[in-house]
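The following exercises are to be worked with the sequence and the three-dimensional model at hand. Each task is followed by a solution in steps.

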Amino acid sequence: MGGTRHFGYHPLGTTWPLPLSPAVRRMEDHLYDLLELPAGSKILDAGCGNCHVALHFARKGLQVQGIDIVANHVRRAWQEIKGQQMEDMVSACVADYHHLDWVPDRSFDGVCTMETFVHAREPEQVLGEFFRILKPGGSIAMHEYWHLDDDELPPGTPKDLSESIKRIDKESAMPTDRRLRKGVLQQMLKDQGFVEVVERDLSRNIAPTLLLFYVLGYIPYLIICFFGLQAWFVNTEAGVQGYRGLKRHLWGYSAVKAKKPLRTAADS
């Protein structure tokens with residue numbers, strides 16, 4: 001996947017995910033379409049990683065500022081940006097999306113997250129910053145996970161699955177994922193003042209990617225469990241247990257979009 005760190009989008013009815021690259025690009029296209037912005041618009045990619053999503057958007061005409069809290073990700077992002085000679089369209093810097101004080105109010109046409117909001121320590125603070133920096137009428141598009149709480153798990157749910165979800169959240173530094181029951185992200189957006197909040201469940205569209213991870217990881221995961229090393233191999237656990245949990249509808253994958261109203265309370 002060339003360093004890309006997000007799921008692929010597979011049309012319903014897909015039984016095998018390979019090759020992965022077209023599916024990865026389709027997922028990026030889906031996020032791009034959610035923004036509904038014309039060429040030349042300026043967007044913030046919050047949690048840009050290696051800037052693969054940002055570069056894909058730039059090739060469609062958007063001006064992208066990427067931010068990531070991991071300096072090594074930003075260093076690799078600049079290698080990609082310069083290697084593709086896209087310095088006039090994409091920039092990247094080390095920054096924490098909880099603290100965007102350096103960004104003026106109403107300075108972006110759009111904000112996007114690709115499976116990165118789950119890492120927030122204070123999700124309401126992050127969404128408040130996104131709201132502040134968006135221009136009136138600006139768009140936000142988010143591809144994120146949701147899952148059932150312990151008291152929502154159906155009878156007969158294997159205990160190891162619920163334990164795995166908690167361990168994956170902890171070891172992958174995803175504190176907000178613990179709060180993202182289905183519908184919670186939409187309500188968080190509304191609470192911050194966003195309007196026209198729309199959600200689409202893409203769980204079935206990512207299932208083929210997870211099936212591949214399950215097939216590749218199943219035997220190694222059995223060995224990992226035998227030695228009690230799940231916390232040290234969280235990506236393997238996520239691949240195997242993630243597929244099992246998805247099939248049981250214990251967690252899922254949502255695409256959410258919203259807009260900042262043309263007039264806000266601050267304008268009154």
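**Exercise 1. Determine which elements cover the buried residues of α7, and describe the course of this helix.**

Solution. In this predicted model, the cover over the buried residues of α7 includes α1, β5 (134-147), α5 (159-171), β6 (195-201), α8 (234-247) and β7 (251-259).

Step 1. List the residues that are covered. The buried residues of α7 are Ser203, Asn205, Ile206, Ala207, Pro208, Thr209, Leu210, Leu212, Gly217, Tyr221 and Ile224.

Step 2. Compare the span of the helix with that of a straight one. α7 has 24 residues, and a straight helix would reach 34 Å at 1.5 Å a residue, yet the end C-alpha atoms of α7 are only 30 Å apart.

Step 3. Look for a bend. A kink of about 50° is found at glycine 217, shortly before proline 220.

Step 4. Inspect what comes after the helix. Glycine 228 follows α7 and has a positive phi, near 65°.

**Exercise 2. State where threonine 236 lies and which residues it touches.**

Solution. Step 1. Threonine 236 belongs to helix α8.

Step 1. Its relative accessible area is 22%; buried requires under 20% and exposed over 50%, so threonine 236 is classed as partly exposed.

Step 2. Beyond residues up to four places away in sequence, threonine 236 touches Gly217, Tyr221 and Ile224. Gly217, Tyr221 and Ile224 are among the buried residues of α7.

**Exercise 3. Find the aromatic pairs and classify the one formed by phenylalanine 7 and phenylalanine 213.**

Step 3. Phenylalanine 7, at 10% relative accessibility, counts as buried, whereas phenylalanine 213, at 30%, counts as partly exposed.

Step 4. Widen the view. Phe7 and Phe213 form one aromatic cluster with Tyr145, Trp251 and Tyr253.

**Exercise 4. Describe the aromatic pair of tyrosine 97 and phenylalanine 130.**

Solution. Step 1. The centres are 6.2 Å apart and the planes stand at 85°, which makes the pair edge-to-face.

Step 1. Tyrosine 97 is in the loop between β3 (90-94) and β4 (108-114), and phenylalanine 130 is in helix α4 (residues 123-133), 33 residues apart.

Step 2. Tyrosine 97 and phenylalanine 130 are both buried.

Step 3. Phe130 is also among the residues with the most contacts inside the largest nonpolar core, which has 70 residues.

**Exercise 5. Characterise helix α6 and the residue glutamine 192.**

Solution. Step 1. In α6 (residues 184-191), the buried residues are Val184, Leu185, Gln186, Met188 and Leu189. They pack against α4, β5, β6 and β7.

Step 1. Leu189 is another of the residues with the most contacts inside the largest nonpolar core. With neighbours within four places left aside, leucine 189 is in contact with Leu127, Ile140, Met142, Phe194, Val197, Val256 and Ala258.

Step 2. Glutamine 192 is located in the loop between α6 and β6 and is partly exposed, with a relative accessible area of 25%.

Step 3. Setting aside neighbours within four places, glutamine 192 is in contact with Glu124, Leu127, Gly128 and Phe131. From glutamine 192 to phenylalanine 130, the C-alpha distance is 9.4 Å, although 62 residues separate them in sequence.

**Exercise 6. Identify which lysines lie over phenylalanine 108 and phenylalanine 131.**

Solution. Step 1. Over the ring of phenylalanine 108 sits the charged end of lysine 42, 4.8 Å from the ring centre.

Step 1. Over the face of phenylalanine 131 lies lysine 260, at 4.9 Å from the ring centre.

Definitions and conventions
Residues numbered from 1 in each chain as written. Predicted model: local features only at pLDDT ≥ 70, side-chain atom pairs only at ≥ 80, totals over all residues. Heavy atoms only, no water. Phe/Tyr/Trp six-rings, centres within 6.5 Å; stacked < 30°, edge-to-face > 60°. Buried < 20%, exposed > 50% of the residue type's maximum accessible area, 1.4 Å probe, protein only. Helix = DSSP H or I, 4+ residues; strand = E, 2+ residues; numbered from the N terminus. Lys NZ or Arg CZ within 6 Å of the ring centre and 35° of its normal. Expected span 1.5 Å × (residues − 1). Bend = angle between axes of the 7 residues up to and from the residue. Contact = heavy atoms within 4.5 Å. Core = buried A, V, L, I, M, F, W, Y, C linked by side-chain atoms within 4.5 Å.
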